[in-house]
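Here is a short briefing on one protein model. Keep the structure in view as you read.

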Amino acid sequence: MVLKHMPAHKAILDIGSGAGLPGLLIAILQPQSLITMSEKNKKKAYFIKKTIKTLGLANAKIMNKAISPKTTTIKPFDIITARAL
């Protein structure tokens with residue numbers, strides 16, 4: 001559903017990814033977009049990391065940290081998602 005409103009070739013941040021939804025699905029269905037997922041829970045972040053590696057998703061990465069107003073990134077994101085935050 002969200003892909004209808006999400007143009008390709010964008011830098012996307014998924015905050016509080018949990019099990020990787022919708023970040024992993026976006027990475028699979030939009031290989032031309034760069035997906036960064038943020039998950040503070042180490043077990044969940046590890047699961048996402050292993051899934052990215054297993055699926056060979058070169059356009060996806062996981063950050064094992066919480067996003068706060070003081071969080072800085074190297075470059076800005078075009079789209080930010082937060083499913084259950």
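His9 sits in the segment before strand E1; strands (E, at least two residues) and helices (H or I, at least four) are DSSP runs, numbered from the N terminus. The phi angle of His9 is near 60°, a positive value in a residue other than glycine. The model is predicted: local features need pLDDT of at least 70, side-chain atom pairs count only at pLDDT 80 or more, and totals for chains, interfaces and linings use all residues. Residues are numbered from 1 along each chain as its sequence is written, and side-chain values use heavy atoms, with hydrogens and water left out.

**The sheet**
- Four strands form an open sheet in the order E3-E2-E1-E4, with parallel pairing; two strands pair if DSSP finds at least two bridges between them.
- E3 and strand E4 (79–81) are at the edges with a single partner strand each, so one side of each has no neighbour in the sheet.
- From one strand to the next, the twist averages 20°.
- Strand E1 (residues 11–15) pairs with E2 in the parallel sense over 5 bridges.
- Ala11 stands opposite Leu34 in E2.
- E2 also pairs with E3 in the parallel sense, over 4 bridges.
- Ser38 has Met63 in E3 as its bridge partner.
- Strands of a sheet pair through backbone hydrogen bonds, either parallel or antiparallel.

**The helix across the sheet**
- Helix H2 (residues 42–55) lies across E2 and E3 and runs at about 160° to E3.
- Axes are lines fitted to C-alpha atoms, for helices over the stretch in contact (heavy atoms within 4.5 Å); angles run from 0 to 180 degrees between N-to-C directions.
- E2, H2 and E3 make a right-handed β-α-β unit: with the strands pointing away from the viewer, the path from the first strand over the helix to the second runs clockwise.

**A cis bond**
- The peptide bond from Leu21 to Pro22 is cis, with omega near 5°.
- Pro22 belongs to the loop between E1 and helix H1 (23–29).

**The largest pocket**
- The largest pocket holds about 230 Å³ of space, the volume filled by probe spheres set on grid points joined across faces, edges and corners.
- A pocket is an open set of points on a 1 Å grid over the protein atoms alone, where a 1.4 Å probe fits, with protein on both sides within 12 Å along at least five of seven lines; lining residues have an atom within 4 Å of a point.
- Of its 13 lining residues, Thr36, Lys61, Ile74, Lys75 and Phe77 are the closest to the centre of the largest pocket.
- Strand E2 (34–38) and strand E3 (60–63) are the elements that give two or more residues to this lining.
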